[in-house]
Amino acid sequence: MTFTLEQGEMLGIVGESGSGKSVTAKALMNLLPRTAEIDGRVRFDGEDVRALAAAGSRHFWGVRMTMVFQDPMTSLNPVKKCGEQIAETLRYHLGHGRVAAMKAATDLLEQVGVPEPGRRVNQYPHQLSGGLRQRVVIAMALACEPDLLIADEPTTAVDVTVQKRILDLLDSLRKERGMSMILITHDLGVARGRCDDVAVMYAGRIVERSSTETLFDRSRHPYTDALVRSIPRIEQPSHARLDPIPGRPPELIDPPVQCAFAPRCRYAQADCLESVPPTEGVGESHEFACHHPANTPRGREALANNVAAGVTAAGLQISYRKTR
Ligand code: SF4
């Protein structure tokens, strides 16, 4: 399954830990080990990204395409002042002089909402809070005014009050600069509130992709459907039970030749155990890969059969019918 991101838009990539979200981002950023085999193609503004890598392009990653990682301490050098680290990016990629780069670093810290930027440029990462460190990383990522920013769980390492501020900041910077963004998150609620399109990954594959509205109103893949059901809703009574997804994702070392979600799927039928479902709607605005899509006659029939039998073709016990 493919995805396209238009200028100024935000794509959310969601899925559980180990579903392949970060590997996808690293493949885009050319950060996978040389031994990694990449199946497929990445085109950026018409250019083949792997061809750029092969040509040794030094000023593409970090300039036109850049990334913010989950933990700011993995991106920051602990023995260098924050301002120097931002200035270094500007000097290396844009050829700024030392003084101009430090001035620009201070301005960037101000733009990302760091208080007292003139003082913070001279501080080391350990002297800042987690939220401020992540802002420094965002400032570094924005230094060269990228066309695309990939944010990999940018708020995982900060507390919940800082999370919203950082996501709001990224959102407003994106809109101000006309920058495109890929937001990688395990939080479907975050994707719903901020992304134009969402791609859902499971076991190393995109299993559904569409506009955010369609994904939440007319999800087709049972995994997406289960994720949507597991989000708490404000109108639910406080004692309402959420619907967890049973089981665990499969090991990807030796993936089975069947639907990878089958052991956990309430819709699973015999054909799900015999082949990997092909993608439906290829090239259209809504793509999904499932033999018995949820919220369709095919899916409803499969679910009704499993509920009547009390068990799916993959052996998952179904004790009650869940309603939306
Ligand atoms: S219905 Fe079948 S193909 Fe679709 S997700 Fe479930 S197991 Fe996979």
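Start by selecting helix 4 and helix 7: Cys82, Gln85, Ile86 and Thr89 of helix 4 meet Val136, Ala139 and Met140 of helix 7. Contact here means C-beta atoms, placed from the backbone, within 7 Å. Helices are DSSP runs of H or I with at least four residues, strands are runs of E with at least two, and both are numbered from the N terminus. By class, this contact has five nonpolar, two polar and no charged residues. Ala, Val, Leu, Ile, Met, Phe, Trp, Tyr, Cys and Pro count as nonpolar, Asp, Glu, Lys and Arg as charged, and the others, Gly among them, as polar.

A word on what you are viewing: this is a predicted model, in which local features need pLDDT of at least 70 and side-chain atom pairs count only at pLDDT 80 or more, while totals for chains, interfaces and linings use all residues. Residues are numbered from 1 along each chain as its sequence is written.

Now look along the two helices. Their axes come within 9 Å and cross at roughly 20 degrees; axes are lines fitted to C-alpha atoms over the stretch in contact, with angles from 0 to 180 degrees between N-to-C directions. Helix 4 and helix 7 are therefore roughly parallel, a label for angles under 35 degrees.

Gly83, Ile86, Ala87, Leu90 and Arg91 of helix 4 make the contact with Ala101, Met102, Ala104, Ala105, Thr106 and Leu108 of helix 5. Eight of these residues are nonpolar, two polar and one charged.

Next, return to helix 7 (residues 130–142) and show helix 8 (residues 160–177), whose axes come within 11 Å and cross at roughly 15 degrees. This pair is therefore roughly parallel too. On helix 7, pick Gly131, Gln134, Ile138 and Leu142; on helix 8, pick Val162, Ile166, Leu169, Leu170 and Leu173. The classes are seven nonpolar, two polar and no charged.

Which residues are closest to the ligand? Select Cys259, Cys265, Tyr267, Cys272 and Cys290, from a shell of 13 residues, each with its C-beta atom, placed from the backbone, within 6 Å of the ligand. The shell has ten nonpolar, three polar and no charged residues.

Finally, zoom out to the protein chain, with its twelve helices and nine strands. The C-alpha atoms fill a box of roughly 75 × 50 × 30 Å along the principal axes.

Terms used: Angles under 35 degrees count as roughly parallel, over 145 as roughly antiparallel, 65 to 115 as roughly perpendicular and the rest as oblique. Two residues are in contact if their C-beta atoms, placed from the backbone, lie within 7 Å.
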